[in-house]
Amino acid sequence: MSFSGKYQLESQENFEPFMKAVGLSDEIIQKIKDLKSISEIEENGDTFKVTITTGSNAIVSDFTIGQEAELLSPTGEKVKGVVQREGNKLKTTLKNIVSVTELVDANTLISTLTIGNIVHKRTSKRI
């Protein structure tokens, strides 16, 4: 299955504890916690462009599977990482955050971000 498409955030779990763990202030967390983000993924072979738009803020990451790339962390910080593909999963580690994005069916994208013992799960549907 191809990841290409637009996905709108439907639900998320453990958002506030995760964002506190990565260092965001309570004030920023309260401002962004109810915003619905849209993820647009362009897949061309092993090359990906991922744009995540939340409100007026857009985060863009370009990467090639298996090659080091400069990616943006959940806090917007630029971090070097390598994205690996395992079937319908994209996996990477950015500093101390493990990120797994899985296309569970043709219309559902689940992203799991883990820091320590805190797991933040985001479910998005194709639009």
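Colleague: Is K95 buried or exposed?
Modeller: K95 is exposed, because its relative accessible area is 57%. Exposed means over 50% relative accessible area, buried under 20%, and partly exposed in between, with a 1.4 Å probe and protein chains only. The model is predicted, so local features need pLDDT of at least 70 and side-chain atom pairs count only at pLDDT 80 or more, while totals for chains, interfaces and linings use all residues. Residues are numbered from 1 along each chain as its sequence is written, and side-chain values use heavy atoms, with hydrogens and water left out.

Colleague: Where is K95 found?
Modeller: K95 lies in the loop between strand 8 (89-94) and strand 9 (97-105). Strands (E, at least two residues) and helices (H or I, at least four) are DSSP runs, numbered from the N terminus.

Colleague: What is phi of K95 near?
Modeller: Phi of K95 is near 55°, a positive value in a residue other than glycine. Most residues other than glycine have a negative phi.

Colleague: And what about N14?
Modeller: N14 also has a positive phi, near 60°. N14 sits in the loop between strand 1 (5-13) and helix 1 (15-21). With a relative accessible area of 41%, N14 is partly exposed.

Colleague: Changing topic, how many helices and strands does the protein have?
Modeller: The protein has two helices and 11 strands. Along the sequence, the pattern is β-α-α-β-β-β-β-β-β-β-β-β-β.

Colleague: Which strand holds S39?
Modeller: S39 belongs to strand 2 (residues 38-44). S39 counts as buried, because its relative accessibility is 8%.

Colleague: Which residues does S39 touch?
Modeller: Leaving out residues up to four places away in sequence, S39 touches G5, K6, Y7, T51 and I52. A contact means heavy atoms within 4.5 Å.

Colleague: What volume does the largest pocket have?
Modeller: The volume is about 1,000 Å³. Of the 41 residues lining this pocket, I52, I59, L72, P74 and L113 are the closest to its centre. On a 1 Å grid over the protein atoms alone, a pocket is an open set of points where a 1.4 Å probe fits, with protein on both sides within 12 Å along at least five of seven lines; lining residues have an atom within 4 Å of a point. Grid points are joined across faces, edges and corners, and the volume is the space filled by probe spheres set on them.

Colleague: Across the protein, what share of residues counts as buried?
Modeller: Of the 127 residues, 32% count as buried. The C-alpha trace spans about 40 × 30 × 25 Å along its principal axes.
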